Amino acid sequence: MSRTPRSVGSLAGPRFVPNKWDVIAFPLIFGLLVVLGLTARQMAEPLSAVTAAPISLDPAALPGYALRTTLRMLAALACSLLFTFTIATWAAKSRRAEKVIVPVLDILQSVPILGYISFTVVFFMSLFPGSALGAECAAVFAIFTSQAWNMAFSFYQSLKTLPRDLVEVSRGFRLTAWQRFWTLEVPFGMPGLVWNMMMSMSGGWFFVVASESISVGDTTLALPGVGSYVAAAIAQRDLGAVAWAILAMLVVILLYDQLLFRPLVAWSEKFRVELTPSQTKSESWVLDLVARSRLLNTALGPIGDTLAVVAKLPWRLQRGRPPAPSALMAEGGWIDRIWDVILVVLAAAAAWQVALFIATEIDLGELGAVLMKGFATLARVVVLIALATVVWVPAGVWIGLRPAWAEKVQPVAQFMAAFPANLVFPVAVVAIVHWKLDPDIWLAPLMILGTQWYILFNVIAGVAVFPTDLREAAAHFQLGGWTWWRKVMLPGIFPYYVTGAITASGGSWNAAIVAEVASWGDDKLTAYGLGAYIAEATDAGDFPRIVLGIAVMSIFVILFNRLLWRPLLNFAERRLRLD
Amino acid sequence: MAQTTAGNLLELRSVRQAFRKAGGGEHVVLDDVDLTLREGEIVGLLGRSGSGKSTMLRIVAGLARPSGGTANYRGQPLNGPTAGIAMVFQSFALFPWLTILENVELGLEAQGVPADERRKRALAAIDLIGLDGFESAYPKEVSGGMRQRVGFARALVVQPQILLMDEPFSALDVLTAETLRTDLLDLWVEGRMPIKSILMVTHNIEEAVQLCDRILIFSSNPGRVAHEMRVDLKHPRDRLDPAFRELVDEIYDLMTRRPGHRAGRAEAMPVATIGTPLPRISTNLLAGMIEEVAAAPYNGRAEISVLAEDLAYEIDDIFPVIETLQLLRFAELPEGEVVLTEAARRFADAEVDDRKRLFAEHLRHLPLAAHILRVLDERANHRAPFSRFKEELEDHMTEDYAERTLRAVIDWGRYAELFAYSEEDAALTIEDAA
């Protein structure tokens, strides 16, 4: 056996000769490294330096701000990944941990993220007094909360649905838990994880912008970044600066998408389990660049190799225990029952504490008023989703039926979904102030500005995978008009629509907190609703009211999901699956 | 290495495997099974689906622990997977994100073999199994036959004493499977593989006779070793050899017998009860089988082995069909044969409506169908929820079987127009009341 297999690694090549891809790759990589290093150093500056240098509205300062914002995003992504790999794995492997983690994650997914900020800002500022690091941590944590939960959930679900035969191979060959994690569990969960990461990007950008400039009572945060730039522009009524910020954000998201997510998605395709080559292949020029550039291969190769060696280390924590006979596994021993009791007691105690805390300031009358505000916001969400549906479902179907169009519109729609809509708010607010419109009605569309795109691109995706033979059959039998919609297309895209609408409505609840209160210079617009209630409480640093507002909104979101979306999703799964 | 019993690689004694059922009680998969594996032999576990033969293989692999009995490998108790036993899977079980070479190296990584040696040994296994040139390909790029070769290389590279095979050829087309079987047999006969013994699970009788030195025939519910049979034919074995055919016929014969009945006399009509699990066989298939047997050359009477070969059916395909015909009193199954009843002959010649009437008449005799009709009759609105019957069936069988059995009866009841079922509200209704 003297032969080495071809291209086991492209490092096997005997000589290193730079190729044309290297010319592009080299400056890109090193430029990036230098900039990252410089910016990271600034982030650890003392707080006085940050507050002393007010946000400059000079467009030339924007690239620097945008970079800061992006770095926060990356840091949050790294934290989310770490959280996912540890917590989700723990939940999947331990029955007792699972009982706590899974419901908690499920609720956390529904809690409006901006609600956390008020608490975390105070917490992190006290953790690093006098350093900008605390403020940075708070901002990063805000983004973290917008992605970590559903990433962890996705990974947990992957771990729970590992293909049985692959699990048996891993056990049969006695892979250690560490090897198994990197050989089986992480790769299998990768496509879902990357997809969820991408889906939570919208939330991420939204909150990084919102969290850079926020004040909770006396604590004011103004971190250099795009969000603070916009806040300053609003305070100074500078519409031109807002336009510059929007432009900068467009560029940032475009770069992020091209440099990070396209390559990630294209790469994660490799981990899909179906053994037939799929028709649609994601492509990424960056990934091609990395794969083809010999320089990059030489530079990154050793890193990759080291990681591979580490992942393959046969670390074994304990001697391989014989597998429990899954057949007769004792369902719930007395330890489990005690554990259940402990959990119930803890939950009851926590609920009691929260109630006490809220009750220090708030009576039943206010509780009723908060509930009414909740219904006002609910009404807005329902009406807006309905409107978006009426507009975007036909539009999405029209586009989806024309592949040439779909190809062009789809990335735009995804892009729009990722764009933080709160950057555009000032433009709308200027219009409302100018024409003296009713904020109760006209602030509402802001809630769905960023989230409506989920409906559009999911519908387009649904039409794209709608079986051609069914379409041909419908055409053959000359189905047209309303019958065609009712019997052919709407049932076909329904599961996709529901997926999109769930994301859109979740995002709208979140956006309510920023959208129901808006200001332009000294003009302040407030709509009647739960979002405004939370926003005002945050502004005043009134913690009992923040807690109450968040709790009520969470309950609304959870009930909305359980009573409307989940049944619809089940129905779609059961009756309208196209396989 | 010193062994308690010379030449015995593996000894399983009185192995029992049972699962706790949802509503209490046990579902026994394996009951009192003995198995001995000696050096230099290929042993086949043959049986219908649900006979516990795959469970048996997983116990040997250390992937499942029996709820009773002992399992010893080389005189030592078997506690979980060991290095000396490797398995080949029906579904190939390859990691789609690893190249073929990486897939083969997997088992060596777990053992902590250094990278250089890993590579060397993996390439040797790849060479042995005929995969040269595919090392850097991903599993999805190669055909099913090549994928299973990867499965073999991956198992062989760890140099096991015992090779376990779980229906390794059943996911492949006939010709590919044949090539792979022959290649494997060549390697075995020439002693070019490191293994000492092979234990395989199959439901293909000819495959068992072609490969094995010893065949254990499992009966179902619960799984037991009903028969053991030696195959002394020399390799390579010719399928058309009369001695080969005789063995195949004999096994078919053994498998149609119910435990407790002695050979030699035609079996009386088996008595189905409400708790008899039913396979989900479409009425089209039942009708097709009746027509096939009714027509020339069988003219109402066929050897099961001949019929199976004619239709290219394996035992898991043919037995459920003919046994359903038997339950519905359209056929009798004396000693390895299927014989149509008078009613079945009439059915074969009848038009659609007459067929339905005839089928309905026979379906009423099936205890479960009769029970459903009675319940629906007694209820004022002539409807009953699916779950009512399913829960009743779960007293007798596992949840999966209950679901399948009820779905089967619903399919037949719909065809016979005896009762109707609405998926929307998951309820059964009497057909003429609807």
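Predicted model: local features only at pLDDT ≥ 70, side-chain atom pairs only at ≥ 80, totals over all residues.

I started with the domains of chain B. The C-alpha centres of domain 1 of chain B and domain 2 of chain B lie 32 Å apart. Chain B is split into domain 1 (8–256), domain 2 (283–349) and domain 3 (358–433); such bounds come from an automatic or database domain assignment. Residues are numbered from 1 along each chain as its sequence is written, while chains are lettered from A and ligands numbered from 1 in the order in which they are written.

Eleven residues of domain 1 of chain B are in contact with nine residues of domain 2 of chain B (contact: C-beta atoms, placed from the backbone, within 7 Å). On the domain 1 side, helix α7 (residues 242–256) of chain B gives the largest share, six residues. Helices (H or I, at least four residues) and strands (E, at least two) are DSSP runs, numbered from the N terminus. By class, that side of domain 1 of chain B has four nonpolar, four polar and three charged residues. Here Ala, Val, Leu, Ile, Met, Phe, Trp, Tyr, Cys and Pro count as nonpolar, Asp, Glu, Lys and Arg as charged, and the others, Gly among them, as polar.

I compared this with chain A. Chain A is divided into domain 1 (49–274) and domain 2 (362–579). Their C-alpha centres are 22 Å apart. The contact takes 32 residues from domain 1 of chain A and 34 residues from domain 2 of chain A. Elements of chain A that each supply at least two residues on the domain 1 side include α5 (114–127) and α11 (239–268). That side divides into 22 nonpolar, seven polar and three charged residues.

I then checked confidence. Chain A averages a pLDDT of 78 (the predictor's confidence in each residue, from 0 to 100). Over residues 1–18 of chain A, pLDDT stays under 50. Residues 319–330 of chain A also stay under 50.

Which residues of α13(B) are buried? They are Leu368(B), Ala369(B), Ile372(B) and Leu376(B). Buried means 20 or more other C-beta atoms within 10 Å of the residue's own, exposed 12 or fewer, partly exposed in between, with C-beta atoms placed from the backbone. Seen down the axis of α13(B), the buried residues fall within an arc of 100°, so they line one face of the helix; the arc is that of the directions from the helix axis to the C-beta atoms. The face turned away carries the exposed residues Arg374(B), Asp377(B) and Glu378(B). Cover for the buried residues of α13(B) includes α12 (352–363) and α15 (399–416) of chain B.

Last, I looked up Ser220(B). Ser220(B) sits in the loop between β9 (214–219) and β10 (224–230) of chain B. Ser220(B) is partly exposed, with 18 other C-beta atoms within 10 Å. Beyond its neighbours within four places in sequence, Ser220(B) is in contact with Gly47(B), Arg48(B), Gly50(B) and Ser51(B).

Conventions: Contact = placed C-beta atoms within 7 Å.
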